Each structure stands twice: as C-alpha cells, then as structure tokens.
Number of protein chains: 2
Amino acid sequence: MYELTIPLNEEGKPLYEQIYEYIKTQIRERNLPAGIRLPSSRMLAAHLGVSRSTTQLAYDQLLSEGYLESEPRRGYYVAQLDVLFHFKAEQKTEMKKKQKENRSWVCDFSPRGVDLDSFPYGIWKKLSNNILNEDNRILFSAGENKGDYALRQAICTYLYGARGVNCRPEQLIVGAGNEYLLMLLNQILGDSSVIAMETPTYTQAYRVFERLGHRIVPVEMDAAGMETEKLSESGADIAYVMPSHQFPTGIVMPIRRRMELLSWAAKKEGRYLIEDDYDSEFRYRGKPIPSLQSADRGGQVIYLGSFSRAVAPAIRVSYMMLPERLLDVYEKTCSFYASTVSRVDQRILTEFITGGYYERHLNKMRSIYKAKHDALLAALEPLEGAFSVSGEYAGIHILLKSREELSEEEMVARAAEKGVRVYGLSEFDIRTRKEEKEAGTVLLGYASLGKEEIQKGAALLCAAYCQVRSTVQEDRACAEAEASSAV
Amino acid sequence: MYELTIPLNEEGKPLYEQIYEYIKTQIRERNLPAGIRLPSSRMLAAHLGVSRSTTQLAYDQLLSEGYLESEPRRGYYVAQLDVLFHFKAEQKTEMKKKQKENRSWVCDFSPRGVDLDSFPYGIWKKLSNNILNEDNRILFSAGENKGDYALRQAICTYLYGARGVNCRPEQLIVGAGNEYLLMLLNQILGDSSVIAMETPTYTQAYRVFERLGHRIVPVEMDAAGMETEKLSESGADIAYVMPSHQFPTGIVMPIRRRMELLSWAAKKEGRYLIEDDYDSEFRYRGKPIPSLQSADRGGQVIYLGSFSRAVAPAIRVSYMMLPERLLDVYEKTCSFYASTVSRVDQRILTEFITGGYYERHLNKMRSIYKAKHDALLAALEPLEGAFSVSGEYAGIHILLKSREELSEEEMVARAAEKGVRVYGLSEFDIRTRKEEKEAGTVLLGYASLGKEEIQKGAALLCAAYCQVRSTVQEDRACAEAEASSAV
C-alpha cells in the first residue's frame with residue numbers, strides 16, 4: 001500500500017479538491033504507477049487529519065474519471081493507463097492576422113452598405129422592452145420548428161399584399177439568414193443538382209451552392225434577364241433568379257420571360273425556380289414589380305426573402321416559401337430541425353409587422369434611399385455622354401458604364417486615386433472563362449452614405465474620369481466637378 | 001390604334017394604378033391582343049381627362065413589368081406573351097393537420113424537458129433593456145462571421161475554467177444551434193464521411209448526419225463507453241461521442257478509454273472526435289468531469305457545446321471549437337458564411353457570462369435539479385430489488401431498468417395506464433437490427449417537473465410496476481406506494 005502525504009492548504013480550494021488534484025497529477029506524471037493500491041478513504045482521512053467524507057469525495061471523483069479503479073472490499077487501485085499522455089507544450093500557433101485592407105476612403109460606394117442611422121431603433125427597443133416586461137417566459141421554451149405561427153402568418157399577409165406571393169403560413173420556414181435556408185433547401189432538394197445562375201450574380205449564394213457540392217452553370221442574360229434558350233441547353237434542374245431586380249445588373253424581368261421560365265420548369269419533374277426577392281421593396285418609380293411566384297400556377301417557385309436588407313443586417317431573419325411538393329418532402333425528411341431564430345426576436349418582428357411599423361419603415365426608407373439615389377444621379381450628370389447609368393430607380397446601387405475609353409480596372413484605379421472606392425462589375429461574374437474585355441462598368445452603392453458624402457464622392461469621380469477622357473466634350477462640367485470636389 | 005375607355009373611380013386607388021390594373025387585366029385576359037398599338041400617353045390622358053403624368057406612370061409600370069413594349073417615336077404595343085397564362089383556381093390543398101397526441105398525462109417524465117420556471121428571466125430582461133437603452137445601434141450592423149469576439153472570448157474563458165477546454169477565441173464559431181453547426185462542420189470536413197456513433201445515442205444528431213448524407217456506423221458501448229476495438233473495426237473516420245455524460249445512458253468515459261479514443265484518432269490523418277458536451281454542467285456528486293478536449297494534445301477533438309440546455313431552449317446559441325487543421329479549412333472555404341445569431345442576443349449572453357450570472361445560474365440549477373433528482377430516487381425506493389437505477393447523479397434524467405420481469409414495452413404501457421409517461425431506451429437505439437429482447441429500460445426525466453409531481457409520478461410508477469411483479473418481495477412498500485399515489 002502506498003502512503004500519501006498530501007500538502008494541504010486550509011485556505012483556498014476545498015480540501016477534497018486539493019486531494020483529488022494531487023493524486024491525479026501524481027498519476028498523470030507516473031509518480032503513482034498503475035496497479036498500485038491506495039490507502040482506504042478512512043486511513044487517508046486519519047493520515048491527513050481530515051474528515052472521511054472529504055477523502056471519499058476525492059476518491060469518488062477519481063473513480064468517475066477513471067484514474068482509480070475499485071474492487072469490492074479490496075480498495076482503490078491506480079488504473080492501467082497504457083496509452084501514453086503526450087505532454088507536448090501547447091503550440092498555440094497564433095494565426096497571422098490578416099492585415100485587413102484598412103485604407104480610409106473619402107467615399108466608399110459599397111453596394112453592401114445599409115443606412116443604419118435610419119434603423120427604427122426606438123421602436124425596436126420599445127417592442128423588445130414591452131415583450132420582456134410582459135413576463136413572456138414561454139418565449140424561452142422551444143418554439144415551432146418552422147418558426148412561430150404568428151410570425152409566419154404576418155409574413156404571409158405582408159407578402160401577399162406587397163409582393164403578390166400566394167402562400168399559406170404552413171409553407172413558410174423562418175430561418176437565421178438566407179444561407180442557412182439554402183443549406184436546408186439543399187437537403188430538401190436531395191442529391192446535388194445542377195443549378196443555373198445568372199451571371200453576374202449575387203456571389204454569396206453562388207458560394208453557398210458551390211460549398212454544398214452543386215454544379216453551377218452560369219447562364220447569360222439579355223435585357224430581359226436569364227436567357228431561356230440558354231437555360232434549356234444548360235442541363236440545369238434548378239434556376240436561381242432575381243426577377244424583380246437582378247443583382248447586380250438591376251434588370252427587371254418582364255412578364256414574358258417570367259412565363260417562359262415557368263414553362264421551362266413545368267416541362268420536367270423536379271425542376272424548380274428559386275426566386276430570391278432580396279430587395280424588391282425599394283423601387284422609386286411606379287409600383288413594386290410583383291414577384292415571379294405570384295404568376296406561378298404549377299408550384300414551381302421557391303420564394304426567398306429576408307429582413308436583413310429591409311430592416312437591418314444583424315436581424316438574422318429570412319424566410320423561404322416552399323411549393324406543396326417540396327413542403328411534403330420537408331415534412332418527411334427535414335422537419336426535425338429546430339428553429340434557428342430566437343423566439344424573442346420572432347415576437348419583436350411579428351409585432352413590428354402587424355403593428356404597421358414595417359410598412360411605415362419601408363415607406364420611410366424608400367423616400368430616404370430615393371433622395372440619395374436622386375442626389376447621386378444628379379451629381380454624375382457631368383459624365384453624361386461618355387458614361388451611361390443603368391439599374392437606376394430601384395435598389396440601393398446603380399451601375400456606371402464607360403461607353404468606350406475606360407476599362408473596369410482603370411475606372412476602379414482612377415477612382416481610388418481620388419480616394420473613392422467603386423466596385424467592378426466583374427467581381428460578380430461567375431463564368432470561369434470571361435469574355436474578351438468589355439467596356440468598364442462599376443457599381444456605386446449609396447445606402448450607407450449621406451447626401452453630402454454622395455455629392456462629394458460623385459464630384460471626385462467626375463474629376464477622375466473627366467481627366468482621362470480623350471474626347472472631352474464637356475470641359476465646363478468637368479472643371480465644375482473638379483472645383484466642387486475641392487471644396 | 002386601340003381606344004381605351006377605362007372606368008375610373010375618383011376615390012380609392014390612385015388613378016395611375018387604376019389605369020395600370022385595367023390594362024394589365026385586359027392583356028392577361030386576351031382582350032388586348034399582342035401586337036396592338038395603344039394610344040400615346042398624351043392622347044390617353046386627354047381621352048380620360050387625367051394628367052399626362054398619370055398615364056405615363058401607368059405605361060412605365062406596364063413597360064417595367066413587360067406587358068407593354070415601346071418603340072421610339074412609334075408608341076406602345078402590347079407585348080407578345082406567347083406563353084399561356086394558366087388561371088387554374090388555386091388549389092390550396094390544406095394539409096391534414098396531424099392529430100397530435102394530445103393526451104394529458106398525470107406526469108410526463110420527458111427527458112427533453114427543462115425547468116423554465118428557473119430561467120433567469122429578470123436578469124435577462126435587465127441585460128436586454130440596458131443594452132438597448134445604451135443606443136447600441138451598432139448591434140444592428142453585420143457582426144463577425146464567427147460571432148462577436150467578446151462573446152467568443154467569454155465562452156473560451158468559461159470553457160477553460162469549467163471544462164478544461166484549451167482554445168483560443170479564434171478557434172470558436174458561434175452559431176444558431178448545434179444542428180446548424182453540424183451543417184457547417186459537414187462542409188468543413190468535406191466529402192461524406194463514415195461516422196461512428198454510440199448506440200443508444202442522441203437521435204437528433206443522428207438525423208442530422210443522416211440527412212447530410214453520411215454513413216453512420218453504430219458502435220456498441222461497454223461500461224466505459226464506446227468500445228475502441230469496435231470503433232477501429234468500424235471503418236469510421238469520425239467518432240461522435242459524449243464522454244462526460246453519455247446521452248441517454250449517463251455513462252462517464254474514464255480517462256483510459258479517452259486516451260484510447262485519442263490514439264485511435266491520431267493513427268490516421270483526417271480522423272476526428274466530435275465531443276458533444278451537451279449537459280456536462282449538471283453533476284450532483286463531486287466535481288464536473290473534465291472534457292475530452294482537455295486531454296487532446298494532437299488537435300483531434302472538435303468540441304461542441306450549447307446554451308440551449310443550460311440556459312433555455314429558445315436561446316439559439318451553440319458553439320463549436322475547431323482544432324487548428326480544421327480551422328484552416330474553415331478559413332479557406334467556409335468563412336464567408338455570416339453569423340446566424342442576432343448581435344443583441346450575443347451581447348446579452350456576453351454580459352450574462354462575464355457578469356457572473358451564468359455561473360450563478362448554473363449553481364442554482366445544479367441545486368434545483370439535484371433536489372428533484374434526489375426526490376425521484378427516494379420515491380423510487382420501493383422498486384429496489386426488482387429494478388435498478390443508473391445514470392444518476394448527473395444530467396436531468398435517470399434510467400430505470402427491470403432486472404427481469406418487464407419488457408420495455410410493458411414498462412411504458414403499465415406506466416401509461418396510470419397516466420405516467422416514460423420513455424423507452426430503445427427509442428435512442430440506432431442499430432438497424434436490434435438485438436434480442438433485453439430487459440426493459442426506461443428514461444425518467446425530471447427537469448420540468450415540480451417536486452410534488454415527481455413524487456406523485458414515481459408513486460404511480462411504483463404502483464404500476466409492483467402490481468405485475470410475480471415475485472413481490474416488498475409488498476409493504478408497494479402497498480405504501482399504492483396508497484400514496486392515491487392521495
């Protein structure tokens with residue numbers, strides 16, 4: 001039998017813990033070899049001058065963790081730990097922190113920005129406080145897997161009114177962001193499919209599909225959007241489209257093309273259209289364009305929407321509407337997945353929609369974004385002639401295209417020289433082999449910028465682009481731009 | 001040219017919208033055939049007695065949606081819509097509502113329950129209100145993809161202290177629930193792997209792996225958990241284990257077995273152990289068992305944890321710790337995924353942990369659950385002899401096993417006759433071919449029940465099981481149980 005003299009410290013850790021840790025360390029360091037018998041808990045207690053329950057607790061813990069073994073009426077033995085412990089010093093290989101491009105821009109026309117100043121913070125806070133003040137303890141128990149019914153109902157009602165989407169709350173799945181919903185959809189659609197995507201497109205969705213193992217076929221667009229004939233030839237089963245306001249081109253798909261896509265889908269079983277209606281709320285001329293889903297009579301459209309763009313990015317709530325056939329598959333194979341959105345957030349959003357705040361917020365944002373949009377177009381007027389604007393009157397960015405002289409690279413570089421960041425259209429091109437160099441096109445996002453920033457940035461841009469034009473027809477405008485950018 | 005007489009209503013919808021809808025309907029119903037030329041906006045305005053901007057707006061909208069086409073200086077034509085509209089009446093096939101088993105139980109020993117009454121509602125509300133009152137507008141902008149650094153740091157510190165987990169915040173990914181994190185992990189691990197799981201096991205994780213297309217090999221357990229030899233023979237690359245408190249058996253894996261698993265993983269590149277430490281916080285005797293990860297020196301363990309069990313189910317926050325090799329893969333291939341947890345929730349949780357509330361909450365829950373646990377064990381004493389209890393002193397359920405007479409089915413049925421719901425162990429068995437019938441074992445969860453409910457339910461159970469015992473050795477106890485259940 002081994003005698004244990006354990007140095008104990010009356011203050012600090014509980015005595016049983018000190019005993020436990022001492023013995024454990026001795027075993028791990030091979031000072032207490034395997035097979036050796038330890039004193040009984042009674043003997044050890046007497047030896048150390050502590051109570052028996054103290055030593056018993058320490059032994060029990062060592063037994064639980066497997067450092068000791070016990071035999072009835074024979075006592076405690078050090079366990080056979082024949083697998084070596086490796087005590088390599090922890091090599092915490094600190095990853096080199098990527099030196100993030102931290103350049104400070106005079107004006108960053110990011111197409112990903114949002115206007116956070118206009119986030120309805122006060123209302124959100126009020127709703128949140130009210131909900132928690134009501135002792136809604138139930139909101140911390142598990143909710144419905146598809147999302148709480150009240151929220152799904154509120155979204156359906158909104159979608160029907162605003163987007164013409166026909167759906168029952170049962171068809172709707174609420175989830176923490178589009179990416180999560182696409183992961184879920186991937187499991188509903190089953191084996192990896194061939195997915196057709198517009199090019200250029202929303203590259204985040206492209207990455208998700210790629211990571212999930214799908215083959216992606218880029219399909220070219222004409223002025224009406226994805227070309228049906230090319231889609232038919234592509235061998236795709238699924239087409240991912242943004243018919244109401246294609247990102248990044250801003251193309252609105254006319255009704256004829258929509259009907260063509262719907263007939264393409266109807267021609268073969270298992271064909272679906274994924275409609276990503278990502279920012280259809282923002283349109284500054286006329287009424288919103290109805291959704292593709294609103295024209296779907298055959299249950300061919302999977303409709304995706306989100307509050308991240310319309311309310312705020314950190315509100316991780318998106319929704320996906322499944323046609324009946326896919327809903328059946330979901331119910332059978334994927335309905336075990338618990339909801340990914342906290343119920344408090346679901347409840348806040350429900351009241352935000354049903355209380356009329358959402359509509360008011362959208363109206364307000366529409367007018368704020370329209371003012372920024374108008375300011376940008378006005379400030380770019382000096383470039384008229386040598387440059388053309390497209391994708392305007394909707395969304396939160398426009399496209400600026402050089403009619404001839406400048407390549408995309410040059411447009412980005414010239415702007416950067418003036419401290420202005422613009423985004424090349426080719427960033428969103430998903431073709432593996434790009435076509436011969438086209439005239440340069442850049443994206444100018446304006447959501448996160450103030451009116452003065454927009455004017456300043458646009459003036460700098462005019463100056464940057466005027467300077468290099470070979471056929472300067474509007475010297476006066478350029479000079480003005482130069483002057484105003486210097487202010 | 002076609003003359004349009006459109007019935008206009010001065011009240012109600014804007015005039016341009018009435019014009020737009022009238023024309024659209026006429027086109028859809030083929031009353032305005034394709035190719036026909038419409039009056040100019042000026043002429044139509046004069047004809048209808050409205051302003052020209054009104055008719056222009058209507059035409060613009062119809063153009064945007066593709067119902068009309070325009071030719072410069074020639075006017076507006078109805079577009080060629082050669083794809084037929086299908087006006088099938090919407091067949092909203094209301095899904096038959098599953099008649100949910102809505103039986104009301106006298107006592108439901110669900111192992112999935114949690115004690116919601118003890119949720120720290122007041123503190124959660126206070127933290128939430130404080131955070132929103134501080135005008136934390138920034139919390140509504142997009143945060144870090146892995147989760148906010150402060151939260152990851154708080155979790156790391158907690159995990160190191162409480163579970164011995166060695167990790168840097170950089171290795172931690174915060175996500176909306178374990179299932180989401182497993183979907184992400186699936187993409188990090190790449191092609192479908194063979195995954196070894198203990199049987200019985202946590203069936204939710206089993207379903208996720210199955211849906212994601214993995215082949216799952218059930219590996220038998222002995223008293224020390226997953227059998228290493230069988231794991232080696234299984235052909236698996238990944239083993240999913242719950243070493244500190246296996247669900248549902250409650251087995252604690254001793255250190256020797258842990259070292260064996262770690263050496264199994266070290267033997268071949270690409271082998272990993274997924275440690276799901278789902279409820280390690282609740283242990284009622286001695287100290288918590290350290291995590292498997294704490295003994296990992298080779299970077300073989302992926303560590304998964306969650307606040308859903310420890311705080312509340314609707315707090316959809318889990319975390320996954322990646323070893324360095326997998327972290328590299330994540331950074332290269334999956335770091336584009338945005339976080340799935342709202343930043344307000346992340347912030348509340350951060351303050352909940354760093355403010356010491358989490359530890360206090362765990363201590364409180366440990367003592368509440370221990371009291372329930374003790375009450376259940378005491379109330380089941382009459383069954384001693386013919387039944388044995390295992391998996392006690394930890395977690396929120398125990399296992400009750402019939403030593404001989406009763407099958408699982410009978411145990412569930414007899415209990416149900418008394419209005420008591422118990423859960424058969426075989427529900428969690430993932431073997432496709434089950435072994436010959438073993439003596440019945442049922443799970444009794446107690447987290448969501450009050451002490452009196454537990455006593456009442458246990459007494460009914462004693463009565464139910466005593467009645468059918470052929471060799472009743474403790475008639476007195478049974479009679480007492482019967483009597484007390486009748487109260």
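Start where the two chains meet: between chain A and chain B of this predicted model, 26 residue pairs are in polar contact, with both partners at pLDDT 80 or more. Colour the helices of chain A next, and among those that each supply at least two residues of the side touching chain B you will find α1 (15-28), α3 (52-65), α4 and α6 (178-189). The largest share of that side, eight residues, comes from α4(A). If you select everything in the contact, you will have 97 residues from chain A and 98 residues from chain B. The two chains bury about 8400 Å² between them, and 58% of that area is on carbon and sulfur atoms.

Stay at the interface and look for charged pairs, of which two are salt bridges running between chain A and chain B. To see a salt bridge between the chains, select Arg256(B) and Glu69(A), whose side chains meet with a nitrogen to oxygen distance of 2.9 Å.

**Aromatic rings**

Now show the rings of Phe, Tyr and Trp, which form 39 aromatic pairs over all chains. Centre the view on Phe140(A) and Trp124(B), whose ring centres are 6.2 Å apart and whose planes stand at 80°, so the pair is edge-to-face. Phe140(A) belongs to the loop between α4 (121-133) and α5 (149-163) of chain A, whereas Trp124(B) belongs to helix α4 of chain B, so this pair joins two chains. Both Phe140(A) and Trp124(B) are buried. Then select Phe140(B), which ring pairs link into a cluster with residues of chain A, including Phe119(A), Tyr121(A), Trp124(A) and Tyr158(A).

**Around helix α12 of chain A**

Move to His373(A), which is found in helix α12 (residues 357-379) of chain A. His373(A) is buried, with a relative accessible area of 1%. Leaving aside residues up to four places away in sequence, His373(A) touches Tyr284(A), Glu392(A), Tyr393(A), Ile398(A) and Tyr446(A). Pick out Tyr393(A) from that group, because the charged end of Arg285(A) sits over its ring, 3.9 Å from the ring centre. In the other chain, the charged end of Arg285(B) sits over the ring of Tyr393(B), also 3.9 Å from its centre.

In helix α12 of chain A, select Lys370(A) and Asp374(A), which lie four residues apart, about one turn of the helix. They form a salt bridge whose closest N and O atoms are 2.7 Å apart. Lys370(A) is partly exposed at 32% relative accessibility, and Asp374(A) is partly exposed at 31%.

**Salt bridges within chain B**

Turn to chain B and select Arg343(B) with Asp148(B), a salt bridge in which the closest N and O atoms are 3.0 Å apart. Arg343(B) lies in helix α11 (residues 343-354) and Asp148(B) in the loop between α4 and α5, so the pair ties together parts that are 195 residues apart in sequence. Both of these residues are buried.

Which residue forms a salt bridge with Glu324(B)? The partner is Arg168(B), with the closest N and O atoms 2.9 Å apart. Glu324(B) is partly exposed, with a relative accessible area of 23%, while Arg168(B) is buried at 5%.

**A last stop**

Finish at Ser234(B), in the loop between α8 (228-233) and β10 (238-241) of chain B. A polar atom of the Ser234(B) side chain lies 2.6 Å from the backbone oxygen of Leu231(B).

Terms used: Residues numbered from 1 in each chain as written. Chains lettered and ligands numbered in written order. Predicted model: local features only at pLDDT ≥ 70, side-chain atom pairs only at ≥ 80, totals over all residues. Heavy atoms only, no water. Phe/Tyr/Trp six-rings, centres within 6.5 Å; stacked < 30°, edge-to-face > 60°. Buried < 20%, exposed > 50% of the residue type's maximum accessible area, 1.4 Å probe, protein only. Lys NZ or Arg CZ within 6 Å of the ring centre and 35° of its normal. Contact = heavy atoms within 4.5 Å. Buried area = accessible area lost by both parts, 1.4 Å probe. Salt bridge = Lys/Arg side-chain N within 4 Å of Asp/Glu carboxyl O. Polar contact = N/O pair within 3.5 Å; in protein donor to acceptor, adjacent residues only side chain to side chain.
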